[in-house]
Amino acid sequence: MPTDTLIMIPGALLSAAVLPGTFELAMLTLGGALLPRKTAAGNGAVPIRFCIVIPAHDEAEGIEACLRGIQGADEGIHAVTVVVIADNCGDDTAGRAEAAGARVLVRDDPGRRGKGYALDHAFSILLKEDHDVFVVVDADTRVETNFVTELAALFQAGADAVQTRYCVSNPAQSTRARLMHVAWLAFNVLRPRGREYWGWSAGILGSGFGLHRRTLESVPFDAGSIAEDLEYHIRLVRAGKRVRFCDGTTVWSPVPATGAVASSQRARWEGGRFRMMREQIPPLVRQVAGGRWPLLEPLLDLLLLPLAFHVILLALLLVWPWAPGRTLAASGMAILGLHVAAALAVGRAGWRDWAALATAPFYIVWKLTLGRRLLSSASREAAWVRTERTKSDESA
């Protein structure tokens with residue numbers, strides 16, 4: 001085989017691996033950086049009956065703080081019921097939640113562990129009641145005072161589902177937490193803004209999302225994988241539903257500040273994403289090829305690797321002696337830089353967030369050490385594991 005061909009083939013393969021993700025990043029960066037389009041106003045006089053659902057597994061220490069935040073939110077003209085699902089708990093989560101004023105559902109099923117199962121159980125009960133909209137908030141989350149009213153505005157305008165901003169509450173706790181804060185500004189703020197701008201479905205991020213009754217009735221929440229939010233969102237888009245992005249309010253959660261706990265969480269999240277890539281990309285390719293264009297963006301999203309791995313592929317392509325690949329890699333690096341800068345801008349980041357980028361190479365090396373755990377979490381048999389909680393820095 002000629003030498004030129006031996007050089008071209010790896011370069012072409014690397015180019016094929018990074019091209020869809022680079023295009024996806026470019027579109028989301030552009031859309032996220034532009035001013036949001038105006039949403040048609042709904043009927044603001046129509047009250048909504050909200051049911052805020054909090055899945056909780058051994059959350060006795062933090063459940064009262066979460067409930068205080070929700071109970072302190074402005075309800076406007078709307079009615080709010082708060083329900084805690086005490087799921088396979090070995091502590092006093094149920095008792096503390098009830099004492100704090102929440103309705104409690106108890107589920108004990110050790111063979112089916114995880115948030116997806118807990119939510120499916122709760123919705124099977126709550127859909128028999130008269131709630132209009134179901135909102136999911138994690139038990140370590142705090143919400144802003146306009147949480148209910150901002151969600152209500154989009155549902156009054158006819159939304160099937162809504163996702164709020166979802167940000168890190170404790171970036172000051174460590175450099176690792178600060179980098180996670182930057183990453184979440186990109187993943188949980190800029191990218192949903194971009195999808196909203198282009199009229200695509202914004203995605204479901206795990207906490208701070210609401211589903212209208214008609215949505216849950218037509219697409220039951222029976223996603224049982226460890227990436228249940230991503231799995232369910234793809235089902236929604238397949239069913240013709242769109243998740244709107246609510247840029248006017250934010251839910252906040254702490255992230256692990258230490259390496260050991262962060263390793264477990266990242267392995268679960270990204271392993272679950274790799275599993276979704278393996279299971280969902282082939283059918284999505286077939287469906288897009290068959291003309292189902294709304295599924296193109298979820299497909300491109302899955303083809304975009306986590307940023308650390310995307311950077312590694314771009315770096316390999318950049319040093320590979322094949323000119324077309326080097327041009328693509330240089331363009332990809334530039335788009336990546338603009339993506340991070342735009343995320344920090346729309347997230348109103350401070351100088352400490354910009355400075356944290358200097359440690360990003362060490363973060364990429366750390367991600368490489370997770371390889372075996374990522375593969376384990378990517379298997380169908382991977383079990384859900386609760387992340388050890390970190391106390392939130394309320395001043396953040």
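This is a guided tour of a predicted model, stop by stop.

**Before you start**

Residues are numbered from 1 along each chain as its sequence is written, and side-chain values use heavy atoms, with hydrogens and water left out. Local features need pLDDT of at least 70, side-chain atom pairs count only at pLDDT 80 or more, and totals for chains, interfaces and linings use all residues.

**Stop 1: confidence**

Colour the chain by pLDDT, the predictor's confidence in each residue, from 0 to 100. The protein chain averages 89, and 91% of the residues score at least 70. Select strand E4 (residues 133-136): confidence is highest there, at 98. Then select helix H15 (residues 371-377), where confidence is lowest, at a mean of 68. Helices (H or I, at least four residues) and strands (E, at least two) are DSSP runs, numbered from the N terminus. Now select residues 392-396. Their pLDDT stays under 50. The model gives this stretch 13 contacts beyond four places in sequence. A contact means heavy atoms within 4.5 Å.

**Stop 2: the cores**

Which residues have the most contacts inside the largest nonpolar core? Select Phe50, Ile54 and Phe147. This core has 42 residues. Helix H5 (residues 147-156) supplies its largest share, six residues. A nonpolar core is a set of buried Ala, Val, Leu, Ile, Met, Phe, Trp, Tyr and Cys residues joined through side-chain atoms within 4.5 Å. Buried means under 20% relative accessible area, exposed over 50%, and partly exposed in between (1.4 Å probe, protein chains only).

Stay on phenylalanine 147. Beyond residues up to four places away in sequence, phenylalanine 147 touches Ile52, Val135, Val137, Thr164, Gly208, Thr249 and Val251.

A second, separate core has 24 residues, including Cys51, Leu126, Phe221 and Tyr232. In soluble globular proteins, nonpolar side chains tend to be buried together.

**Stop 3: isoleucine 54**

Select isoleucine 54 in strand E1. Is isoleucine 54 buried or exposed? Isoleucine 54 is buried, at a relative accessible area of 0%. Leaving aside neighbours within four places in sequence, its contacts include Ile63, Cys66, Leu67 and Ile70. Val82, Val83, Val84 and Ile85 are also among them.

**Stop 4: aromatic rings**

Show Phe, Tyr and Trp. The whole structure has eight aromatic pairs. Rings (for Trp, the six-membered ring) pair if their centres lie within 6.5 Å; planes under 30 degrees apart count as stacked, over 60 as edge-to-face and the rest as tilted.

Select tyrosine 197 and tryptophan 198. They form an edge-to-face pair, 5.0 Å centre to centre, with 85 degrees between the planes. Tyrosine 197 counts as buried at 17% relative accessibility, while tryptophan 198 is partly exposed at 29%.

Next, select phenylalanine 274 and phenylalanine 309. Why is this pair edge-to-face? The ring centres are 6.0 Å apart and the planes stand at 70 degrees, so the pair is edge-to-face. The pair links distant parts of the chain, 35 residues apart: phenylalanine 274 in helix H9 (residues 259-289) and phenylalanine 309 in helix H11 (residues 307-319). Phenylalanine 274 is partly exposed at 24%, and phenylalanine 309 is buried at 16%.

Then select Phe123, Phe134, Phe221 and Tyr232. Ring pairs link these residues into a cluster.

**Stop 5: helix H14**

Select residues 360-368. The buried residues of this helix, H14, are Tyr363, Trp366 and Lys367. Look down the axis: these residues fall within an arc of 100 degrees, so they line one face of the helix. The arc is that of the directions from the helix axis to the C-beta atoms. The face turned away carries the exposed residues Phe362 and Val365.

Arginine 176 lies over the face of tryptophan 366, 4.6 Å from the ring centre. A charge sits over a ring if NZ of Lys or CZ of Arg is within 6 Å of the ring centre and within 35 degrees of the ring normal.

**Stop 6: two positive phi values**

Most residues other than glycine have a negative phi. Select aspartate 58, with a positive phi near 55 degrees. Aspartate 58 sits in the loop between strand E1 (49-56) and helix H2 (63-71) and is partly exposed at 28%. Arginine 348 also has a positive phi, about 50 degrees. Find arginine 348 in the loop between helix H12 (323-346) and helix H13 (351-356). Arginine 348 is exposed at 67%.
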